[in-house]
Amino acid sequence: CGTTAIEYVDSDSPLINIYPNPSTGIFHFQLLISGSQDFVIDIYNSVGQRIISKKSTSINFNVNLENQENGIYFYKVTDNRMNSQSGRLIKW
């Protein structure tokens, strides 16, 4: 009998898939690990200001940056087990 929860996540293993990236404003996020029920996504602009903070229970969600200027944005996704992934989004 196996478990469905993840005990350890390799830091090189992605927690989420983001597409398209670069984008004109709408980014699709897909959570790739099972066992997580809640997570938080934070989006930061290029000077480090948090511009979006969103809680979700869905493994698929969108982030809309259409009203933001073109450029590089940074994200951090943290699940309820404190696994996290960060990276950048490019809006053009």
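Reader: What pattern does the protein follow, read along the sequence?
Author: This is a predicted model: local features need pLDDT of at least 70, side-chain atom pairs count only at pLDDT 80 or more, and totals for chains, interfaces and linings use all residues. Residues are numbered from 1 along each chain as its sequence is written, and side-chain values use heavy atoms, without hydrogens or water. Helices (H or I, at least four residues) and strands (E, at least two) are DSSP runs, numbered from the N terminus. The protein has zero helices and seven strands, and the pattern reads β-β-β-β-β-β-β.

Reader: How many residues does the largest nonpolar core have?
Author: A nonpolar core is a set of buried Ala, Val, Leu, Ile, Met, Phe, Trp, Tyr and Cys residues joined through side-chain atoms within 4.5 Å. Buried means under 20% relative accessible area, exposed over 50%, partly exposed in between (1.4 Å probe, protein chains only). Ile16, Phe29, Ile41, Ile43, Tyr75 and Leu89 have the most contacts inside the largest core, and its size is 16 residues.

Reader: Which strands each supply at least two residues of this core?
Author: Ile41 shows some of the packing. Leaving out residues up to four places away in sequence, Ile41 touches residues including Phe29, Phe61, Val63 and Tyr75; contact means heavy atoms within 4.5 Å. The strands that each supply at least two core residues are E1 (16-19), E2 (26-31), E3, E5 (60-64) and E6 (71-79).

Reader: Is Asn45 buried or exposed?
Author: Asn45 lies in the loop between strand E3 (39-44) and strand E4 (50-56). Beyond residues up to four places away in sequence, Asn45 touches Ile51, Ile72, Tyr73 and Phe74. A polar atom of its side chain lies 3.1 Å from the backbone nitrogen of Val47. With a relative accessible area of 14%, Asn45 is buried.

Reader: Which residues do the cis peptide bonds join?
Author: Look in the loop between E1 and E2, where Pro20 lies and Pro22 lies. Omega is about -20° for the bond between Tyr19 and Pro20. For the other, omega is near 20°. The cis bonds join Tyr19 to Pro20, and Asn21 to Pro22.

Reader: Which residues is Pro22 in contact with, leaving aside neighbours within four places in sequence?
Author: Pro22 is partly exposed, at 41% relative accessible area. Its C-alpha atom is separated by 5.7 Å from that of Lys91, 69 residues apart along the chain. Setting those sequence neighbours aside, the contacts of Pro22 are Ile90 and Trp92.

Reader: Which residues form the nonpolar patch on the surface?
Author: One member, Trp92, is in the segment after E7 and is exposed, with a relative accessible area of 55%. Together the patch residues have about 380 Å² of accessible area, from the Shrake-Rupley method with a 1.4 Å probe, where for residues only the protein chains shown count as cover. The patch is formed by Ile72, Phe74, Ile90 and Trp92.

Reader: What is the phi of Met82?
Author: Met82 sits in the loop between E6 and strand E7 (84-91). At 65% relative accessibility, Met82 is exposed. Although Met82 is not a glycine, its phi is positive, about 70°.

Methods:
A polar contact is a pair of N or O atoms within 3.5 Å; within protein, one must be able to donate a hydrogen and the other to accept it, and residues adjacent in sequence count only if both atoms are side-chain atoms. Patches are made of residues with over 30% relative accessible area and no salt bridge: like charges are joined within 9 Å, nonpolar side chains (Val, Leu, Ile, Met, Phe, Trp, Tyr) within 5 Å. A salt bridge is a side-chain nitrogen of Lys or Arg within 4 Å of a carboxyl oxygen of Asp or Glu.
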